Amino acid sequence: MTRECAVLLPGVCAALADPRQPGLDDTCLEKLLDWFRSLTWFDPTVELVQDNPCLTELITSVLALPDPSPSILSFTLQLAGILASSESRFQHLQQEKLLGRLFGQEGPRGGAAWEDAAVRSAWVKGVHSMVQHQPALLFLCSSGGMDVIFALQGDPSLFVASAASQLLVHMLTFSLESETSKALSTKVCSWPACAQMIVKHIEESLQSSSASHIEQSLKLLSSLFGSCFGSCYAAWTEVLWLDIAKQIESILLEETVQAQPVLANLLLNVARSPVFCGTEGSFWALVTSALEHLTPVQAGPLAVGLLKLCKCPQDVRIQALTVLLQPMDCILRAASQPLECAGLLDESVSDPVTVESLLSSKTSCAGLLCQTLAHLEKLLSLKHLRVDLPCVSLLHSLMTILQFCNGFLSPTSPLGSTISRNLINCFRVQKSALDVLAALSEKKDCDTLIGSVFDVLLAYLQSPNTSPTVLKKTFQATSKWLVHLQELSCSNRQWQQTEKILEDVFVVLQKRLCSPCWEVRDSSLEFLTAVVKCLRDQKEFRQCLLSSEVLRLTENLLEDPESYVRASAVTAVGHLAFITCFAPESPVIGNQYNKENTVAKLQEILSTDSEGFPRRAVINIFTKWLREGCTGQLEDREQFVSRVIQTVEHDFDWEVRLGGLELVEVFCSQSICQLSQCPYAPASSAGTSSTPQKELLQAFCRAKLFGFLFRSLCDCDKPVGQRACDVLIGLRGHFYPMSTLENPQEIEDSPAGRGIAWLQRTLRQGSLAQNFPTDGGDGVDFQDPESMMLALGAVDLLELHDELNKSSDHVEESPQSLLQDILATVGTIEDNEVDCY
């Protein structure tokens, strides 16, 4: 603790303990606790409380109050726990007889204040902070604290209940840390005293007739096995599991208990423990039993978790997959039409009637399918899945679900008719199914069904009943399948099928680009951009695109009334330019699509659009063009970059200005590579610049880069200044590679040097943007190569970099400032407006 803080602390403690003072803001108190946590973390000695007796005086004063406010009592409980986190300070507070009055039987847990959830929560947090050594554990066990924690597991406040459960996990784990390393028998084991109390409580609760007590213990066990306990204490994990396995099994078979979801989570956490990595044993038999007895909704998370485990036995893995596929199998069979496959499964894990009843119910049908589809999407995203998914049958089932949802399939079976009625226009299921459909596009097994897939997708794209959110998902799935279709066509030369599908897609896209709904227009443009990114080099795609009205409609949307749509149109036009303007042999499709017109239109948007989104899109597209070499030779690039940054420099949107700096960075990098003798060759020395170095400086000055960069250093938005500084430091590293920087004192006498000295002073003041003489006087000629060479070598860019990277509140964000704010605030009658960091 600094001397300044030590001087302020007594006044703060006195104010906190004074009942006449108004209560402090909770955030302010929490920041004060954060400070004490950092102090005690770095210094475990007793000096903190001995040298600052005001801390114990604060605790004593609050305990003496007949009716302390809940916020101050909560603060005191947490403060005492933090201070007692080291054994020496714990003993000191014990000698002062304070801990018993806070955390013992005579503490607040027996009074009216205990009714406040904040006080109970603070008591738990204080205990958690304190339990970092054995004396604290012994204190709790002897003072009745364990019973309080057990009771708080069922607290009506979820925050308190969760904190109590976390505290028990910590106490059990910590109590085992003190045990000496020894071989533990799975039959004979001596738990430490505190751990024994917790384990006994768990066992008794599991045997209780109270459903809430059983659920609390299952949650505690789940948290315990989900923490480091299961992996770091393998022997104890096995002992604990053997103690409770029979009770867990009986709870699983007791269908009236409403704890099955917690039970599934517990089994999954236990399965992750290295203790059960073998393929034999009663544990996996219990997991198999759980997959059979839990409902499909309850078993789903367990099944997908097991499939992600490396060490899960293969028979259990297959059973878990079967659980996930059962609803999809039921859908396929309910369609009751001649199918290429009868279903996904030869046999079920649980009774198929259970799944059928859930799908037959309007309330449960969508929930079960959405959960199942979400799990399947997770599995499809895994690179290494240790079980084979029946992708073709799964795809059949997905298409059936999507056809049920839009009413395009009328099943004849009673079950199918019921499911179809439940799913009609169900947006949730449609979106989930389309996500899985998109994921299946990467599976080679599904090639034979690609025509049927596009029939379903086109039906959704064409239907007026497709909601905008579902349409967006349909477009995303369509783009994935179009990429796969193109790959397939290249390998088997089936161009006719590809051409027909592309024509149908572009016909629908033209219609959707004219939709009165802006979300639909926006999704259509995003889809167009996505497919152009992937397929712009494919001849068939380009031909279909250029023969449609898509180009004209997209350009029209540059003037859309909705700014989001204008931004998406800018991005789409920018990517279409790779086909219409920048391709080696760009087709002649109309004078309006030439490079100059396209650049002019986007430049106009950058200059005049009233919203930030389209302008950001323009600068991003310009940067992409520059990065991909679409803006011509160096002279053309200079003019292009110069025009852009002169527009961007005055933009009100800091993200647009930041985009301008990224454009400059790309231009500098490309120019250096082009003009240097070797792409990565630095200058030989600062004093003997080579011709390429002079050309570089001249090119940068002609493009007016340096004025933009130096002005940006003083931008009111810090990210812009930081990026500009990074770019200038990079340039200096090229022109002064051996740290042979200029000496400002040596150059100050020259005319250019005086300007550089002014520049350095002005940058330190941060006022360049507001006070910038453009000519004469102390100004700097940012288009003079010699001056800019001196500026790069003389201006202390590293000092500026450090200043720009400091937090804006690096002065205020200090314990001293916090204590000063508290002292300035207490005693006022106005609402608390403390400037608490």
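Predicted model: local features only at pLDDT ≥ 70, side-chain atom pairs only at ≥ 80, totals over all residues.
Side-chain values use heavy atoms, with hydrogens and water left out. Phenylalanine 427 belongs to helix α24 (residues 427–440); helices (H or I, at least four residues) and strands (E, at least two) are DSSP runs, numbered from the N terminus. With a relative accessible area of 38%, phenylalanine 427 is partly exposed; buried means under 20% relative accessible area, exposed over 50%, and partly exposed in between (1.4 Å probe, protein chains only). Its C-alpha atom lies 8.1 Å from that of threonine 469, a residue 42 places away in sequence.

With those terms in hand, the overall picture can be given. The secondary structure comes to 43 helices and zero strands. Of the 837 residues in the protein, 53% are buried. Among contacts between residues at least 6 apart in sequence, 72% join residues at least 24 apart.

A second residue worth a visit is leucine 485, placed in helix α26 (residues 468–492). Leucine 485 is buried, at a relative accessible area of 1%. Leaving aside residues up to four places away in sequence, leucine 485 touches Ile450, Phe454, Gln497, Thr498 and Ile501. Between the C-alpha atoms of leucine 485 and tryptophan 495, which are 10 residues apart along the chain, the separation is 9.8 Å.

Helix packing comes next. Two packed helices are described by the angle between their axes and the distance between the axes. For helix α15 (residues 234–253) and helix α16 (residues 260–271), the angle is about 145 degrees and the axes are 12 Å apart; axes are lines fitted to C-alpha atoms, for helices over the stretch in contact, and angles run from 0 to 180 degrees between N-to-C directions. The crossing of α15 and α16 is left-handed, a term used if the near helix is turned anticlockwise from the far one by less than a right angle, with right-handed used if clockwise. From α15, Trp241, Ile248, Ile251 and Leu252 meet Leu263, Leu266, Leu267 and Val270 of α16. By class, this contact of α15 with α16 has eight nonpolar residues, no polar and no charged ones (Ala, Val, Leu, Ile, Met, Phe, Trp, Tyr, Cys and Pro count as nonpolar, Asp, Glu, Lys and Arg as charged, and the others, Gly among them, as polar).

Just after α9, glycine 144 takes a positive phi of about 80 degrees.

Turning to charged pairs, the count comes to 24 salt bridges, each a side-chain nitrogen of Lys or Arg within 4 Å of a carboxyl oxygen of Asp or Glu. One of them joins arginine 120 to aspartate 155, with the closest N and O atoms 2.7 Å apart. Arginine 120 lies in helix α8 (residues 117–130) and aspartate 155 in the loop between α10 (145–152) and α11 (158–177), so the pair ties together parts that are 35 residues apart in sequence. Arginine 120 is buried at 8% relative accessibility, and aspartate 155 is buried at 11%.

Arginine 616 and aspartate 653 also meet through their side chains in a salt bridge (2.9 Å, N to O). This pair links distant parts of the chain, 37 residues apart: arginine 616 is in helix α33 (residues 612–627), and aspartate 653 is in the loop between α34 (634–648) and α35 (654–675). Here arginine 616 is partly exposed at 24% relative accessibility, whereas aspartate 653 is buried at 10%. A further salt bridge brings together the side chains of aspartate 715 and arginine 657 (2.7 Å, N to O). Aspartate 715 sits in the loop between α37 (705–712) and α38 (718–735), and arginine 657, 58 residues apart from it, in helix α35. Both aspartate 715 and arginine 657 are buried. Elsewhere, salt bridges that share partners join Glu30, Asp34 and Arg37 into one network.

Notes
Residues numbered from 1 in each chain as written. Contact = heavy atoms within 4.5 Å.
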